[in-house]
Amino acid sequence: MFVKTIHILTKQYVQMDVITEQVEQIVAESGVRDGMVTVMTKHTTTGITVNEALECLESDIQIALSLFAPEDRPYSHARMLKDYGSTAGNPTGHLKALLTGNHCHFLIQDGKIVKGGAQDVYFCEFDGPASRNILVIVEGQ
């Protein structure tokens, strides 16, 4: 198993970053010819999803997620959390991450990720700006 971390410093409260090239580079670096790659975020207010990398589609995705989890609702999570010593102000981030999921998987054949021509891997930030870590786990031979 080959594991590498992608570090991202997000700049906005909500943003989508295409990380396909970084994942492909890690797969190449691993030397695995046939196997699987898993991409997983380590944060509960971020997501990993696969979609076509078009700016207009990114906007549509963000609008759809905002309709599902609008900022102006009275969420139960928006309260003082004794464990953290602060107010939780990120319920929408958790809900949006629930929809996008926290990981994706791809097959690797002949040292390359098997994916459709319009498929790209996105890291989604829903509670930024923040320093984020994404694990890329490559398994195989």
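**Close-up views of a predicted model**

**View 1. Cys124, a buried cysteine.** With a relative accessibility of 2%, Cys124 counts as buried, since the cut-off for that word is under 20%. Please keep in mind, here and in every view below, that this is a predicted model. Cys124 takes part in no disulfide, and the nearest cysteine sulfur, which belongs to Cys104, is 10 Å away.

**View 2. Cys56, an exposed cysteine.** Here the relative accessibility is 53%, so Cys56 counts as exposed. The structure holds 0 disulfides. Cys56 is accordingly in none, and its nearest cysteine sulfur, that of Cys124, is 16 Å away.

**View 3. The open sheet that includes β4 and β9.** Three strands make up this open sheet: read across it, the order is β2-β9-β4, and the pairing is antiparallel. At the edges stand β2 (15–18) and β4; each has a single partner strand, so one side of each is left without a neighbour in the sheet. On average, and ignoring direction, neighbouring strands of this sheet are turned by 30° against each other. As background, the strands of a sheet pair through backbone hydrogen bonds, in a parallel or an antiparallel way.

**View 4. The pairing of β4 with β9.** Zooming in on one pair, strand β9 (residues 120–125) and β4 run antiparallel and are joined over 6 bridges. To find your place along them, look for Thr46, which stands opposite Glu125 in β9.

View 5. Thr45 lies in the loop between β3 (35–41) and β4 (46–51). Is this residue, Thr45, buried or exposed? Its relative accessibility is 4%, so Thr45 counts as buried. Leaving aside residues up to four places away in sequence, Thr45 touches Asn90, Gly93, His94, Ala97, Cys124, Glu125, Phe126, Asp127 and Arg132. With Arg132 there is also a polar contact of 3.2 Å between the two side chains.

**View 6. Glu125 and Arg132, a buried salt bridge.** Two residues from the Thr45 contact list meet again here. Glu125 forms a salt bridge with Arg132, and their closest N and O atoms are 2.8 Å apart. Both Glu125 and Arg132 are buried. In general, side chains of opposite charge can pair when their charged atoms come close. How many salt bridges does the structure hold? There are 3, and the next two views show the others.

**View 7. Glu29 and Lys4, linking a helix and a strand.** In this salt bridge between Glu29 and Lys4, the closest N and O atoms are 2.7 Å apart. Glu29 belongs to helix α1 (residues 20–30) and Lys4 to strand β1 (residues 2–9), so the pair ties together parts that are 25 residues apart in sequence. Glu29 counts as partly exposed, at 46% relative accessibility. Lys4 is partly exposed too, with a relative accessible area of 32%.

**View 8. Glu71 and Lys96, linking a loop and a helix.** Glu71 forms a salt bridge with Lys96, with 4.0 Å between the closest N and O atoms. Glu71 sits in the loop between α2 (55–68) and β5 (80–81), while Lys96 is in helix α3 (residues 91–100), so this pair ties together parts that are 25 residues apart in sequence. Glu71 counts as partly exposed at 46% relative accessibility, whereas Lys96, at 4%, counts as buried.

Key. Residues numbered from 1 in each chain as written. Predicted model: local features only at pLDDT ≥ 70, side-chain atom pairs only at ≥ 80, totals over all residues. Heavy atoms only, no water. Helix = DSSP H or I, 4+ residues; strand = E, 2+ residues; numbered from the N terminus. Buried < 20%, exposed > 50% of the residue type's maximum accessible area, 1.4 Å probe, protein only. Polar contact = N/O pair within 3.5 Å; in protein donor to acceptor, adjacent residues only side chain to side chain. Contact = heavy atoms within 4.5 Å. Disulfide = S-S within 2.5 Å. Pairing = 2+ DSSP bridges. Axes fitted to C-alpha atoms, helices over the stretch in contact; angles between N-to-C directions. Salt bridge = Lys/Arg side-chain N within 4 Å of Asp/Glu carboxyl O.
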